[in-house]
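Open the structure in a viewer and keep the selection tool at hand. The stops below go from a single element to a whole chain and then to a sheet.

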Number of protein chains: 2
Amino acid sequence: MIPVPSPDRLERAQRAVAAAGWEALLLSAGTDLRYLTGYNAHPSERLTCLVVPAEGESLLIVPELEAPMVKAAGATIGLRAWAETEDPFALVAGHLRKVGPPGRVGIGNRMWAEHALQLGSATGSRAELAGPLMAQLRMRKDDAEAAALFEAGRAIDRVHARMAEWLRPRRTEREVGRDIAEAIVAEGHESAEFTIVGSGPNGASPHHLLSDRVIETGDLVVVDIGGVTEAGYFSDSTRTYVAGGRVAPEVIDLYGVLQAAQEAACRAVAPGVSAAAVDATARGIIEQAGYGANFIHRTGHGIGLDVHEDPYIVSGNDIPLEAGMAFSIEPGIYISGRYGARIEDIVICTADGVQRLNTGSRDLLTLGA
Amino acid sequence: MIPVPSPDRLERAQRAVAAAGWEALLLSAGTDLRYLTGYNAHPSERLTCLVVPAEGESLLIVPELEAPMVKAAGATIGLRAWAETEDPFALVAGHLRKVGPPGRVGIGNRMWAEHALQLGSATGSRAELAGPLMAQLRMRKDDAEAAALFEAGRAIDRVHARMAEWLRPRRTEREVGRDIAEAIVAEGHESAEFTIVGSGPNGASPHHLLSDRVIETGDLVVVDIGGVTEAGYFSDSTRTYVAGGRVAPEVIDLYGVLQAAQEAACRAVAPGVSAAAVDATARGIIEQAGYGANFIHRTGHGIGLDVHEDPYIVSGNDIPLEAGMAFSIEPGIYISGRYGARIEDIVICTADGVQRLNTGSRDLLTLGA
């Protein structure tokens, strides 16, 4: 069973809403809603909307046909189910107008425009993004969340540990990817969420997923995979493999640079160190080796109920890291048209340093030789 | 291979933008973007934005690390890749300001609020929902789309045809659901998208997914399942089964009413008939039998690149059906705390009537007896 979140989360949110000078926080289906209430609504054209006013009772407005799911999730919040031909936006407006005239509201960053614009019309309130407020609530993982991320990390490590079962020359990326996706579920996830198998030149496309390309002997293969556990927490880990041996000395050199950069960035994590400084640590090593222009993305992203969330480990983000913050460290080097390499671990900043949630070998392993 | 959409789609969109008096249409990652360009971007905090101005060149603004994926998708549109620390919102504003001062823009209905609000700030343009415009472009499926929906329908029919392999008393919904999800992929989908196994009282919760409830002998079990094919088109089909026999006569009666309602609504589909009239056909039969209050959702939803899209088959939607429109017909009857039943087929309105894409038996089959 997934524990229902402590009512404390909703109380902290309400205090933050009051401090922001908003009438209310409005959250549609998504992880912010799940974080505060435990209810994992699925995104839909039918409006689900949690109203957290600066003062008074919070209210969850849900489509009637989904009301039983809120109860099944154990959420104890006040509920207003709307029938299929009712206007849910008017219901939100009605709840807001109980507390005062139209002012400013915070809306969830991933609310769909169709809901945001219709809420704006119905309420007359001016919308601001609630992302920074929600990030403040969600960035520091509590012990139960850290345990959930550990569990996800161990599960994806078990999948990487089995990679030799599937990854070898003469199979297509798609065939390998399907096997991996099955294993992601078998090893302890509720679902496989992404499966990148970037072989040879496809490895130079960081977000390449799967293709019908046949893996060749000597290919570098970037395998970036993750899933979500029953508790809703993500795994995300990348290893780069060699299919069947025979890589050029330049590849060994490049990989050594990458490995050193990833290791140094992980070791740089500590409370008070800025996110930007961790990025600069990885980037500096890669730049010094002459690959700066080939590291075309940030060093990492926060992770939790979302696979990408605050804090982002990127130049310009001067937020100081704090105990409980969980994020990826994933530098990559991409040689366009030829190959790419990336190494990714999820880490948690602790009171006195860092703990890695992914612990499998980061060496350039040859499989299927 | 998935064919790249005809440039004609983008031209029709541009004409519609001009007719709407908008500066441009702005679409982030999602199915509207895929429909117009063939590029299936994944939703992300990193902005992907297609700008379709009323006149002049369209431009696709993408994160640099995803630019290779646009080329791999075969999209021939003008591309502007933004580096990780660039401001993509300023790039959109720059492209708009080439054509004139700030006015009105259409934004995709499912654009995230964080993108919509930042685009608003950067461009100074007033956002309106592009949903109705995109629905006009997408609602009438062309022959290739109809063929893709047929293929998806046949694939999900093959899964229902195998249901006796998995569905029987003493298994949990979750065990059955995992087997079904594997079969959805094995029978021809790229991924399983939803797997509802609502046994006994859980069947009365229309959007219930899976639980650890052990299926009992004599349970009614609602199985509502779908996936997405490589071409991006959804399947969605519901059958209600009996686990192991022995249902009460009242259940047989209720199911007979439901089956008659579903059949009549399917037969009511024809060009010129309104969506609301199809809903009224199913609803009338269920109301006459005394179950009106137990049919708590609309009769159906359009389907294509989204599992829910226009046209919605619901009271108040007076849109006349036209050849090429594809949607579900899925009345249900729910007895709270006891059981539920639903029958769902995808149908396409044809020049002279209707064609069903799901053709498996709609009788109340007993499995695992």
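**First stop: a helix in chain A**

Select residues 143–161 of chain A, which form helix H7, with 19 residues and a reach of 27 Å from first C-alpha to last, close to the 27 Å expected at 1.5 Å a residue. The model is a predicted one.

Now show the side chain of Asp142(A), which caps the N-terminal end of H7(A). One of its side-chain oxygens lies 3.1 Å from the backbone nitrogen of Ala144(A).

Which residues of H7(A) are buried? Among them are Glu145(A), Leu149(A), Ala152(A), Ile156(A), Asp157(A), Val159(A) and His160(A).

**Second stop: chain A as a whole**

Zoom out to chain A, where there are 10 helices and 17 strands. Its radius of gyration is 23 Å, close to the 21 Å that the globule rule gives for 369 residues, so chain A is as compact as a globular protein of that length. Along the principal axes, its C-alpha atoms fill a box of roughly 70 × 40 × 35 Å.

Colour chain A by burial: 59% of its 369 residues are buried.

Move to chain B and select the open sheet of 4 strands, with the order S7-S8-S9-S17 and mixed pairing. Strands S7 (191–199) and S17 (366–367) of chain B are at the edges with a single partner strand each, so one side of each has no neighbour in the sheet.

Finish at S9 (residues 237–243) of chain B, which pairs with S17(B) in the parallel sense over 2 bridges. Here Ala243(B) stands opposite Leu367(B) in S17(B).

How values were computed. Residues are numbered from 1 along each chain as its sequence is written. Chains are lettered from A and ligands numbered from 1 in the order in which they are written. This is a predicted model: local features need pLDDT of at least 70, side-chain atom pairs count only at pLDDT 80 or more; totals for chains, interfaces and linings use all residues. Side-chain values use heavy atoms; hydrogens and water are left out. The expected span of a helix is 1.5 Å times one less than its number of residues. Buried means under 20% relative accessible area, exposed over 50%, partly exposed in between (1.4 Å probe, protein chains only). A polar contact is a pair of N or O atoms within 3.5 Å; within protein, one must be able to donate a hydrogen and the other to accept it, and residues adjacent in sequence count only if both atoms are side-chain atoms. The radius of gyration is taken over C-alpha atoms; the globule rule is 2.2 Å times the number of residues to the power 0.38. Two strands pair if DSSP finds at least two bridges between them.
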